[in-house]
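Colleague: Can you walk me through this one? I'd like to start with the overall layout, then go to the ligand.

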Amino acid sequence: MKSKSLVSIDQCSKEDILRILENAAKFEANPNRKLLEGKVAATLFFEPSTRTRLSFETAINRLDGRVIGFTDASTTSSSKGETLKDTILMVSNYADLIIMRHHLEGAARYASEVTNIPVINAGDGANQHPSQTLLDLYSIQKTQGTLDNLTITLVGDLKYGRTVHSLIVGMSHFNPTFNFVAPNELKMPDEQKHFCDKHGIRYHEYTEFDESIIDETDILYMTRVQRERFTDMEEYERVKNVYILKNDMLKNSKDNLKILHPLPRVNEIAYDVDDNPKAYYFQQARNGVFTREAIICDVLNIPVN
Ligand code: CP
């Protein structure tokens, strides 16, 4: 039987999403459980990470599993020319689950097709980051009391930002309205806009990050301009500081507004915002542990009570 992997958020039905969020809440109430006893998870990070890797590894540890893996592919035999396929087949001999981040779009799907153990996509290029989306949805539901009928403003790098691409798909079950705020160089790609059109999702596009947009927003989702995705460094220099959220821009915002960011941040949220009770990005990262405990149990078909 082919194993169950999580490579893209679009493979999750509304029921799948709600089940994982319900289980994440159970893990938040009781994070330490012996559900992975005797199991080994491999974390293969071909690209840098702080939160995704460490929260997955924390989740595995809290579930009493064990972790193998690498954080720097140059220390592995891929630096000698070993293919991704051979690497995945080797790791499948040692582990029960693979969690992988890779710079190539489609790498996680490819890995899931060559192995019989589950693969969780921890980010593939500018494509998808489904576990981030599930923790974002958990954070939205927890702070808003619902996922339905919310206005979500996405700001920054909407072209290369895999977290915003995945979030649109994840929220599509819940009748959202999106504001897309980006400079022309980093506009939301047509693929995501066509997806919205096809699913009857309202969206508005802006190049100015105006307070009037913030004032009508329930979730303000800031993103970093990702230097590593640019081939033209002059273009990066032109857009890197295009939007900076400052505390005084929040003075007329809705009471329920929460500010999310997948992190890391560079300059796009001023430090004076951190003390505002509407800033939620550090709690959002904490929610990643509980959500990832739920995701791991889901792909391994382990019941959560
Ligand atoms: N949000 C996120 O993917 O962070 P890391 O790159 O630190 O894993």
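**Domains and ligand**

Modeller: The chain is assigned two stretches, domain 1 (9-128 + 288-299) and domain 2 (130-285); the bounds come from an automatic or database domain assignment. This is a predicted model, where local features need pLDDT of at least 70, side-chain atom pairs count only at pLDDT 80 or more, and totals for chains, interfaces and linings use all residues. Residues are numbered from 1 along each chain as its sequence is written, and side-chain values use heavy atoms, with hydrogens and water left out.

Colleague: How many residues does the contact take from domain 1 and domain 2?

Modeller: Domain 1 gives 29 residues and domain 2 gives 25 residues. Contact means heavy atoms within 4.5 Å. The domain centres, taken over C-alpha atoms, are separated by 25 Å.

Colleague: Now the ligand. Why does it lie between the domains?

Modeller: Both domain 1 and domain 2 give residues to the shell around the ligand, so the ligand lies between them.

Colleague: Which residues surround the ligand?

Modeller: S49, T50, R51, T52, R101, H129, Q132, P262 and L263. Each has a heavy atom within 4 Å of the ligand.

Colleague: Which polar atoms lie by the ligand's oxygen atoms?

Modeller: Polar contacts here are pairs of N or O atoms within 3.5 Å. A polar side-chain atom of T52 is 2.6 Å from a ligand oxygen. For a polar backbone atom of T50 the distance is 2.8 Å. A polar side-chain atom of R101 lies 2.9 Å from a ligand oxygen.

Colleague: And how much of the ligand does the protein bury?

Modeller: The protein buries 91% of the 250 Å² that the ligand exposes when taken alone. Those areas come from the Shrake-Rupley method with a 1.4 Å probe.

Methods
A polar contact is a pair of N or O atoms within 3.5 Å; within protein, one must be able to donate a hydrogen and the other to accept it, and residues adjacent in sequence count only if both atoms are side-chain atoms.
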